[in-house]
Amino acid sequence: MPFDQRVTSAPPPSGTSPPAPRTSSRDPRPGLSGLSPAELAGWFDEHGEPRYRVRQVSDALWRAMAGSADELRTLPSPLRYELERDFRLDTMSSTDLRLGDGSQTEKALHTLSDGALVESVLMHYPARPGRRERHTLCISSQAGCAVGCPFCATGELGFTRDLEAAEMLDQVRHAARRLGASGKRLTNVVFMGMGEPLLNLDLVLAAIQALSDPERFGLGARHITVSTSGVVPGMQRLTALGPQFTLAVSLHAARDPLRDVLVPLNRRWPVAEVVAAARDHARATGRRISYEVTMISGVNDTDADARAMADLLRGDHAHVNLIPMNPVAHTPWEASPMPVIEGFAGVLRGAGIATTVRRNRGQEIGAACGQLAAERGAQPTAPVVLRRRERLLAESAAALRGERDRRPLAAGVGD
Ligand code: SAH
Ligand code: SF4
């Protein structure tokens with residue numbers, strides 16, 4: 001089978017999920033989809049093959065979404081197998097699919113060659129007046145994440161490793177292939193799955209180049225969004241590059257004491273620096289900044305927080321998305337009630353800030369990023385979970401009183 005995909009329509013009953021795959025050594029062959037056209041041309045030159053082979057491989061990868069050497073039908077078979085000897089046609093060893101929201105959300109759990117797990121989520125949005133139907137894929141840029149936001153399942157997993165460009169692109173090719181089977185096309189890609197894209201920026205940019213290259217995936221830059229928790233030097237680098245895609249910033253709180261708790265990276269780059277970098281980006285690219293706020297009941301949804309956010313963003317070319325927190329294991333928190341979110345939105349709109357209240361997708365299939373991978377991993381013991389919950393309650397209560405958390409960040413984060 002070209003792409004190894006299993007489909008389940010509902011989560012397996014608890015206690016029956018397969019054991020977490022053991023991390024093994026990585027397949028040393030690079031993923032073929034991550035090669036630039038020049039690198040691919042170089043390989044064919046070395047093998048004394050004509051240049052038109054590049055186009056043949058590129059068409060197989062990006063039109064037919066080929067996942068195995070057998071599918072490179074335009075190539076003579078010895079050449080197919082030489083390619084396969086040097087490269088992986090598909091960097092996913094296997095993929096489990098779960099469908100939710102009446103099949104409007106498809107969550108894929110991919111196992112990579114070394115056993116690392118990453119997730120991608122495909123969301124279908126039917127056409128509505130004035131808007132065509134959309135098929136948006138949310139992809140991962142790292143296995144795990146070092147930032148450690150406490151409401152995020154990926155944050156709890158910790159960091160495993162950066163993904164290769166091909167490992168990001170193959171998430172896209174898998175989804176495009178599934179969509180293509182029913183005559184549909186992927187319309188948007190968002191880097192909002194597992195990981196902090198700006199801490200793997202070189203490879204994320206290489207993946208974006210392939211996605212937006214008309215000769216490869218051919219997705220307009222306006223249909224690509226990268227979300228960051230606020231890695232200021234990465235944001236500045238993107239500003240220098242000019243408009244490449246939409247930048248979304250995970251804001252969550254406008255006050256430092258609270259943002260220190262919700263986005264630990266805030267202790268390295270405080271909220272004022274993040275917003276200043278976002279402003280510079282908007283000014284230099286002419287593109288509106290999108291701010292994401294995960295709404296957590298009694299934690300960041302108070303009137304004082306709404307007013308602080310309104311003061312911080314007043315006058316900016318910005319758009320705020322308020323998203324109720326997806327339930328995740330091992331937190332003491334839950335989503336803010338809808339009327340509270342609407343009230344928060346009202347304060348922002350009153351300050352002239354464009355604000356949208358989003359509904360979260362795919363709760364019954366664990367669509368919060370990192371949730372499926374977390375379920376597969378070793379589970380913390382009950383006392384560990386209890387201590388984590390108590391610590392988070394104490395930290396968020398202190399933050400509401402305006403006290404700052406001065407603990408250092410984990411090694412390697414925000415260096
Ligand atoms: N690391 C990047 C991109 C991946 S996270 C970032 O933080 O921006 C993508 C988005 O999912 C972020 O806005 C994050 O805050 C949000 N998110 C994580 N866990 C969530 C949860 N339990 N409920 C709702 N949104 C969540
Ligand atoms: Fe990492 Fe983003 Fe999750 Fe924070 S919300 S832990 S930055 S993936």
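Trainee: What percentage of the 415 residues in the protein chain is buried? After that, please show me which residues surround ligand 1.

Mentor: Happy to! This is a predicted model, where local features need pLDDT of at least 70, side-chain atom pairs need 80 or more, and totals for chains, interfaces and linings use all residues. Residues are numbered from 1 along each chain as its sequence is written, while chains are lettered from A and ligands numbered from 1 in the order written.

Buried residues account for 45% of the 415 in the protein chain (buried: 20 or more other C-beta atoms within 10 Å of the residue's own, C-beta atoms being placed from the backbone). The chain has 13 helices and 13 strands (DSSP runs of H or I, at least four residues, and of E, at least two, numbered from the N terminus).

Now to ligand 1. Its shell holds 17 residues (C-beta within 6 Å of the molecule), and C152, M192, S227, S250 and N326 are the closest of them. Two elements each give two or more residues to this shell: β9, spanning 224–228, and β11, spanning 289–295. By class, the shell has nine nonpolar, six polar and two charged residues (nonpolar: Ala, Val, Leu, Ile, Met, Phe, Trp, Tyr, Cys, Pro; charged: Asp, Glu, Lys, Arg; polar: the others, Gly among them).

Methods. Buried ≥ 20, exposed ≤ 12 C-beta atoms within 10 Å, placed from the backbone.
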